[in-house]
Amino acid sequence: MTSFETIAIHAGQDADPTTGAVIPPIHVTSTYVQDGIGGLRGGYEYSRGGNPTRTALETQLAGIEGGAFGLSFASGLAAEDALLRTVLGPGDHVIIGNDVYGGTHRLIRRIHGGKGVEHSTVDTSDLDAVAAAIRPETKILWVETPSNPLMKLSDIAALVELGHSRGLLVVVDNTFASPALQRPLEFGADVVVHSTTKYLGGHSDVVGGALVLNDPELEEQVRFTQFAAGAVSSPFDAFLTSRGIKTLAVRMERHSSNAQAIAEHLVGHAAVARVLYPGLPTHPGHELAARQMSGFGGMISLDLAGGEAAARKFAESTELFSLAESLGGVESLVNYPSEMTHASVKGTPAEVSPSIVRLSVGLEAAADLIADIDGALASL
Ligand SMILES: *Cc1c(COP(=O)(O)O)cnc(C)c1O
């Protein structure tokens, strides 16, 4: 098993040894019979600590990111929180991108900030700015690329080199690209974070999160936090996520080709001031994206010429693109970040301009999606 597509379908997904069921069963159990005190069958004791359906997903997650260990959580933020709790203490400092997912910013600022963790928000596409923000107390460099919603590209290998030279743990949120298009551990990142709610699940029917990493010592510590704090995924959620991952490679190809067609169509449109999509040669991160990713993904942001009023009207006018938070499902969604996904960062350096709308381009026919967008733009 060396190809991504093959790993995604087979890692952790062995047929059930007792029945031959091709799909491993969903182990709906909270606890496990012991053969005498401490006589565990297969190492399972209680499902907060471990469940075979979750193990199957965790093996699959490690496989698709090319990492040694995968850990699955109840949500992306639960995964992030488990990592942050494990690594940080009062007085420690984190550097995060200035347009990371709003919930990541909120978690670090309001939950961990309240416990004495400090943070700086910087443009992680600017290495000098990152270097200048490092303090003696800095423990984590948190990178999201492409970023959300501005689609800025950050150079993972360069950030890893800088971060490691200063003793930092380099964490990459790989939710937007997915491992079908980008594998941060191959560039030396220490930890990959996912909201599996998005492309990995892929069908907008499950909330989940994951960490993938290589260091056995860190794995042991994070595994303890997962067990002791308990934000684990349920067996049903783990199953749905595993099922989604099996089609990730083909889905990402179509997400990318649909998004490319839409982005190219919108360049030069009078109602659109800027099309933010790394697949456009004019995108400032295009060359880096071509080097770091094997496709440009399904996310596009538009900066509308008519400003806030136009952006709001557009977001409420599309028909195929449903107005909803989240992304990465088979169906197309439109989001108005400044009032929706990024409302929690208003008034902070991570605030998103009110003229921006974000599209999660689904797997419908590109022509239908383009017609829907043209219709909404014509109504402005
Ligand atoms: C959605 C999202 C998260 C948070 O994940 P949840 O599953 O909603 O908790 C983190 N990072 C990015 C980039 C996201 O899009």
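A charge counts as sitting over a ring when NZ of Lys or CZ of Arg is within 6 Å of the ring centre and within 35 degrees of the ring normal. That term comes up in the second view below. This is a predicted model, where local features need pLDDT of at least 70, side-chain atom pairs count only at pLDDT 80 or more, and totals for chains, interfaces and linings use all residues. Residues are numbered from 1 along each chain as its sequence is written, and side-chain values use heavy atoms, with hydrogens and water left out.

**View 1**

Asp173 puts a polar side-chain atom 2.7 Å from a ligand nitrogen. The side chain of Thr197 has an N or O atom 2.7 Å from an oxygen of the ligand, and the side chain of Lys198 likewise has an N or O atom 2.7 Å from a ligand oxygen. On its own the ligand exposes 380 Å², and the protein buries 93% of that (Shrake-Rupley areas, 1.4 Å probe). Look at Lys198 again: its charged end sits over the ring of Tyr101, 5.1 Å from the centre.

**View 1. Arg48 over Phe227.**
Here Arg48 lies over the face of Phe227, 5.3 Å from the ring centre.

**View 2. A salt bridge between Lys139 and Asp92.**
The structure holds 15 salt bridges, each a side-chain nitrogen of Lys or Arg within 4 Å of a carboxyl oxygen of Asp or Glu. In the one shown, the closest N and O atoms of Lys139 and Asp92 are 2.8 Å apart. Lys139 belongs to strand E4 (residues 138–144) and Asp92 to the loop between H3 and strand E2 (93–97), so the pair ties together parts 47 residues apart in sequence.

Most residues other than glycine have a negative phi, and most peptide bonds are trans. Thr145 and Pro146, however, are joined by a cis peptide bond, with omega about -10°. Another cis bond links Asn148 and Pro149, with omega about 10°. Met151, not a glycine, has a positive phi of about 60°.

Note on methods. A polar contact is a pair of N or O atoms within 3.5 Å; within protein, one must be able to donate a hydrogen and the other to accept it, and residues adjacent in sequence count only if both atoms are side-chain atoms. Helices (H or I, at least four residues) and strands (E, at least two) are DSSP runs, numbered from the N terminus.
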